[in-house]
Amino acid sequence: MLTIKTSDLSPAQLQNYMQYAIAPRPICFATTIDAKGNVNLSPFSFFNMFSTNPPLCVFSPARRVRDNTTKHTLENVLEVKECVINIVNYAMVQQTSLASTEYAKGINEFEKAGFTMLPSELITPPRVAEAPVQMECTIKEVIHLGDNPGAGNLILAEVKLIHIKEEILDAEGKIDQAKIDLVARLGGDWYCRVTPESLFKVAKPLTTLGIGVDALPAGVRNSRVLTGNDLGMLGNIEQLPSAEDVDAIAGNPEVKEIMDATIGDAANRERELHQLAQQWLGKGNVNDALKVVLL
């Protein structure tokens, strides 16, 4: 494993390692305005939500690594403490990248990138009409993290109003993760797209207490077939099945076929049973998969 002291790297080298490793990152497409009324539109991938009560997002226009200058977005929010966080989807990613061009102060990136300005309802900076979600925010605080090249400036933006395009909502009025078609930043010029094919669910143990991987028998924990993800799913079960339930799974046709074909061959029996359990885990049948590996 390569081990590097951050103090041995230049800011550009460190930024490269971190941006490739800490990814994907959501994109804050921020609209701001200065005291003279000049509108600025710029994307930032140092961005996330950090609180829901109050509803707070944080993004960071870092000082430029090459010359230590600051960005217009930072200068604007220090003058007018408002911004719109426009969420970026695939249909607008190329225009969003174009808006990151370092145009001179006073140049409107809406016009350069071909976006449509939409008046906000509570604040002065306009929204990006093409964005699937637009959040009107007031600036709660700006935290300067340093004066050196690459130093961040945390902008704490409190969300006051959220606009959501109806076409990305499901039947219950919630955002459909498959419809919003989000994109995210990786390292360098790389992006990724959240498509229905790339989506998957992981059951979150909020109301349940998983038994944990350590509660599984050693033969299961040390399986040559089951992966760490497989073990994580098995360890998320609330309790081990009873001996009767484990015995009952032997009557399953797929299990019975393996048991009959591997009489006297314990090693192959375990391998094939674990392979079957892995298939069932892939289909979300966790309870029966656990019974199989416990046979």
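## E136 and its polar contacts

The side chain of E136 reaches the backbone nitrogen of L122 at 2.8 Å. The backbone nitrogen of I123 lies 3.5 Å from a polar atom of the E136 side chain. Both are polar contacts, meaning a pair of N or O atoms within 3.5 Å; within protein, one must be able to donate a hydrogen and the other to accept it, and residues adjacent in sequence count only if both atoms are side-chain atoms. The model is predicted: local features need pLDDT of at least 70, side-chain atom pairs count only at pLDDT 80 or more, and totals for chains, interfaces and linings use all residues. Residues are numbered from 1 along each chain as its sequence is written, and side-chain values use heavy atoms, with hydrogens and water left out.

E136 lies in strand 8. Strands (E, at least two residues) and helices (H or I, at least four) are DSSP runs, numbered from the N terminus. At 0% relative accessibility, E136 is buried. Buried means under 20% relative accessible area, exposed over 50%, partly exposed in between, with a 1.4 Å probe and protein chains only. Leaving out residues up to four places away in sequence, E136 touches C83, S120, E121, L122, I123, R127, E158, V159, K160, L161 and H163. Contact means heavy atoms within 4.5 Å.

## I143 in strand 8

Strand 8 spans residues 133-144 and includes I143. I143 is partly exposed, at 29% relative accessible area. L154 is eleven residues from I143 in sequence, and their C-alpha atoms are 4.9 Å apart. I143 also touches L154, along with G152, N153 and L156, not counting residues up to four places away in sequence.

## Two loop residues

N89 sits in the loop between strand 5 (82-87) and helix 3 (93-99). N89 is buried, at 11% relative accessibility. Beyond its neighbours within four places in sequence, N89 contacts P132, I180, D181, L182 and V183.

E166 belongs to the loop between strand 9 (153-164) and helix 5 (177-180). E166 is exposed, with a relative accessible area of 67%. E166 and V292 are 126 residues apart along the chain, and 45 Å separates their C-alpha atoms.

## Helix 9

Helix 9 covers residues 253-261, and its buried residues are V255, I258 and M259. They span an arc of only 100° around the axis, so they lie on the same side of helix 9. The arc is that of the directions from the helix axis to the C-beta atoms. An α-helix has 3.6 residues a turn, so residues three or four places apart point the same way.

The buried residues pack against helix 8 (243-249), helix 10 (266-282) and helix 11 (286-293). On the other side of helix 9, P253, E257 and A261 are exposed. At the start of helix 9, a side-chain oxygen of N252 comes to within 2.9 Å of the backbone nitrogen of E254.

## The cavity

The count is one cavity of 30 Å³ or more. A cavity is a set of points, on a 1 Å grid over the protein atoms alone, where a 1.4 Å probe fits but cannot get out; lining residues have an atom within 4 Å of a point. The largest cavity holds about 50 Å³ of space.

Its lining consists of D34, N38, V39, N40, H72, N76, A104, K105, G106, I107 and E109. Strand 2 (39-44) and helix 2 (72-79) each supply at least two of the lining residues.

How values were computed: 1 Å grid on protein atoms, 1.4 Å probe; cavity = no way out; pocket = protein on both sides within 12 Å on 5 of 7 lines; lining within 4 Å. Points joined across faces, edges and corners; volume = space filled by probe spheres on them.
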